[in-house]
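I opened my notebook to look through one structure, one stop at a time. Here is what I looked up.

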Amino acid sequence: MFLLLFYDYVKEKQEERKKRSKEEKEKEKEEKAEIKEKYGYAIIDGHREAVGNFTVEPPGLFLGRGDHPKAGMVKARIYPEQVTLNLGEKATVPPCPVEGHNWGEIVHNHEVTWVASWRENINNQNKYVLFSAQSSVRGKSDRSKFETARRLKKFVKKIRKDYESSLKEKDDFLCQRATAMWVIDHLALRVGNDKGKDQADTVGCCSLRKEHVKLHKPRSIEFDFLGKDSMRYHNTVEVPEVIFKNFQRFHKGKKKGEQLFDKLNPAQLNAHLQTLMKGLTAKVFRTYNASQTMQQELLKLSVEESKKMSVEERILFFNRSSVQVAVLCNHQRSVSKTHSVQMEKLDKQIEDTKTLIKEMKDHLARLKAGKTPKERGKDENGEDLKAFSTNPDTVQKRIDALEDKIRKILIKKEEKDNLKEVSTSTSKVNYIDPRVSLAWCIKHDVPIQKIFSKTMRTKFAWAIHDVQANNNYEF
């Protein structure tokens with residue numbers, strides 16, 4: 001009964017918000033702008049930088065992702081006394097916005113990039129107020145990340161030789177470490193940290209259990225598990241014989257629920273990677289492989305071929321390349337409920353345009369034969385359809401424009417279908433070196449704004465600067 005009353009209350013409030021006047025909406029917009037101006041920026045070394053999430057999440061029900069064991073728990077309200085501020089020694093402490101309360105602690109930590117922190121009650125984890133993705137602080141961090149991945153290119157042959165030499169080791173730890181490195185390198189799996197009973201059952205390479213891997217002779221391995229954000233990873237791959245035999249070895253004698261890499265943990269794996277290259281972790285392989293895959297895919301289009309293509313066709317080629325990276329990184333998404341409706345609308349546009357082209361071609365033929373043009377009749381609303389031009393050249397130009405319109409709709413349709421089950425934005429923002437895409441845009445005369453949104457162009461201002469200085473950038 002209580003839940004029904006609460007549901008009705010929420011719906012009533014939603015309806016009230018929808019019915020607000022234009023003046024009320026404008027006032028709320030102004031109030032939000034004032035709050036952002038006051039709390040949404042920080043001064044670092046004399047420069048004003050945008051802060052990302054400067055508001056604390058309100059109390060409510062915790063949902064989590066996937067089948068989270070803590071779904072339904074109540075997220076407690078965060079009070080100022082629970083918040084730690086990270087300021088400069090000479091900085092003025094901002095006044096607490098909640099009357100009768102004070103900040104919990106003021107620290108001066110120059111080794112971190114957060115400006116406020118608190119601990120939430122669901123998973124007992126720290127939450128942070130970080131700088132905006134468009135800030136120079138995050139820009140420097142992004143550039144450093146991609147430069148580390150780029151540096152891996154110089155070491156990757158040596159690293160592969162290192163783990164390949166240990167794939168036949170009798171020592172279980174060395175064999176598992178080498179096999180895990182092969183999997184992370186070739187399949188772009190996350191390393192996989194151990195999870196507690198109060199966390200969602202998501203896994204990565206090191207935490208794979210017997211039930212997550214099926215072996216199909218002669219040498220195919222089927223992976224089926226929930227990865228980050230409870231997204232299913234289901235992939236059957238043909239592997240070298242030594243890898244297949246190693247998985248047989250790791251399977252042997254184990255029961256459901258037992259880890260395959262039971263002698264190895266992520267810390268040990270990353271510690272070994274650090275000895276092979278400074279700054280190298282398992283995560284760097286995903287960035288390296290995503291960027292390298294994107295570059296190899298984009299290189300498949302020559303400048304000569306692209307000159308014969310329209311801008312829309314070049315963008316479609318770019319998006320197809322992005323899909324390959326999204327598949328590699330397992331960036332899936334559910335098919336939109338409106339996908340089929342959108343496709344039907346595009347089909348309708350194509351059919352209507354084809355009908356119009358046929359009418360116009362018949363009309364053009366009559367003009368050329370010196371015959372009187374036919375009446376066009378009425379549209380679906382009973383209105384008289386506009387008569388075609390009696391100038392043959394004008395009619396031909398209109399036919400050419402309509403045929404070009406169909407080509408563009410077909411490209412849009414193919415693009416929507418290609419992207420219906422994958423999310424290319426995640427890899428574009430986090431894993432693909434943006435300089436690879438930007439250099440390709442310049443090389444193939446594709447406007448950058450067609451590939452990167454305004455937000456992303458701001459975020460990757462450093463990358464645009466790099467590519468402008470070096471048009472022939474290679475990862």
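I started with Ala 188. It counts as buried, at 3% relative accessibility. I noted the cut-offs: buried is under 20% relative accessible area, exposed is over 50%, and partly exposed is in between, with a 1.4 Å probe and protein chains only. Ala 188 has a positive phi of about 60°, although it is not a glycine. I found Ala 188 in the loop between α4 (172-187) and β9. Such labels are DSSP runs numbered from the N terminus: helices are H or I with at least four residues, strands are E with at least two.

I wrote down the ground rules here. This is a predicted model, where local features need pLDDT of at least 70, side-chain atom pairs count only at pLDDT 80 or more, and totals for chains, interfaces and linings use all residues. Residues are numbered from 1 along each chain as its sequence is written, and side-chain values use heavy atoms, with hydrogens and water left out.

Next I looked up Asn 124. Its phi is also positive, about 55°, and Asn 124 is not a glycine. Asn 124 sits in the loop between β7 (116-119) and β8 (126-129). Is Asn 124 buried or partly exposed? I found it partly exposed, with a relative accessible area of 49%.

Then I turned to the sheet. It is open, with 3 strands in the order β9-β10-β11 and antiparallel pairing. Two strands pair if DSSP finds at least two bridges between them. β9 (213-216) and β11 (232-238) are at the edges with a single partner strand each, so one side of each has no neighbour in the sheet. I counted 7 bridges between β10 (residues 220-226) and β11. Phe 223 stands opposite Asn 235 in β11. Helix α5 (residues 241-251) packs on the sheet and touches β9 and β10. Contact means heavy atoms within 4.5 Å.

I also checked the loop between β9 and β10, where Pro 218 lies. A cis peptide bond joins Lys 217 and Pro 218, with omega about 10°.

Last, I looked for the core. Which residues touch the most other members of the largest nonpolar core? I listed Leu 152, Phe 223, Phe 247 and Phe 261, out of 71 residues. A nonpolar core is a set of buried Ala, Val, Leu, Ile, Met, Phe, Trp, Tyr and Cys residues joined through side-chain atoms within 4.5 Å. α4 gives the largest share of this core, 8 residues. A second, separate core has 12 residues, including Leu 346 and Met 360.

Conventions: Axes fitted to C-alpha atoms, helices over the stretch in contact; angles between N-to-C directions.
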